[in-house]
Amino acid sequence: MKPLAILLLSTVACYSEPLTDKEVVALTLYMEARGEGISGLKAVGDVIVNRAASLKGGKSSNLRSVCLKPLQFSCWNGKKTITIPRDKEYKYCLYLAGKIM
C-alpha cells in the first residue's frame, strides 16, 4: 500500500479532509521519535502534554497547536508536504496519541 501524501499550507492540511488532532499528535510522535523506541515516543508525548497543559484552555484543546507551533518540533519546520505513513510504527503512534488525548 502506498503512503498518502498531503500538502500543508501554513498549519492547515489540504487534502480530502484536514488532519485530526490525533493525527497531528501521532505524526509528531512518529517524525520526532520513531527510531527511539517506546521510551522515546513516550518522552515526546510527555513534552507535548506538558506544553499543552501550561497553556490556557487545558490539555486537549492545545495538543494540535503545541505540535504545530513554529520552531517547537523540527519535524514540522518548513514542511510543504507530509507523507502519512502506513507502517506499524505509525499505527502505534496513533495508539499512543489516542492515549494522550
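**A tour of aromatic pairs and a helix crossing**

Begin by selecting Tyr 95, which is partly exposed, with a relative accessible area of 48%. The model on display is a predicted one.

Display the two side chains together. The ring centres of Tyr 92 and Tyr 95 are 5.8 Å apart and the planes stand at 35°, so this pair is tilted. A search of the whole structure finds two aromatic pairs.

For the other pair, select Tyr 30 and Tyr 90. Here the ring centres are 5.9 Å apart and the planes lie at 90°, so the arrangement is edge-to-face. This pair links distant parts of the chain: Tyr 30 is in helix 1 (residues 21-33) and Tyr 90 is in helix 4 (residues 88-100), 60 residues apart. Are these two tyrosines, Tyr 30 and Tyr 90, buried or exposed? Both are buried.

To inspect the contact, select Val 25, Thr 28, Leu 29, Glu 32 and Ala 33 on helix 1, together with Gly 37, Gly 40, Leu 41, Val 44, Gly 45 and Ile 48 on helix 2.

Finally, select Arg 51 and Phe 73. The charged end of Arg 51 sits over the ring of Phe 73, at 5.0 Å from the ring centre.

Technical notes:
Residues numbered from 1 in each chain as written. Predicted model: local features only at pLDDT ≥ 70, side-chain atom pairs only at ≥ 80, totals over all residues. Heavy atoms only, no water. Phe/Tyr/Trp six-rings, centres within 6.5 Å; stacked < 30°, edge-to-face > 60°. Helix = DSSP H or I, 4+ residues; strand = E, 2+ residues; numbered from the N terminus. Buried < 20%, exposed > 50% of the residue type's maximum accessible area, 1.4 Å probe, protein only. Lys NZ or Arg CZ within 6 Å of the ring centre and 35° of its normal. Contact = heavy atoms within 4.5 Å.
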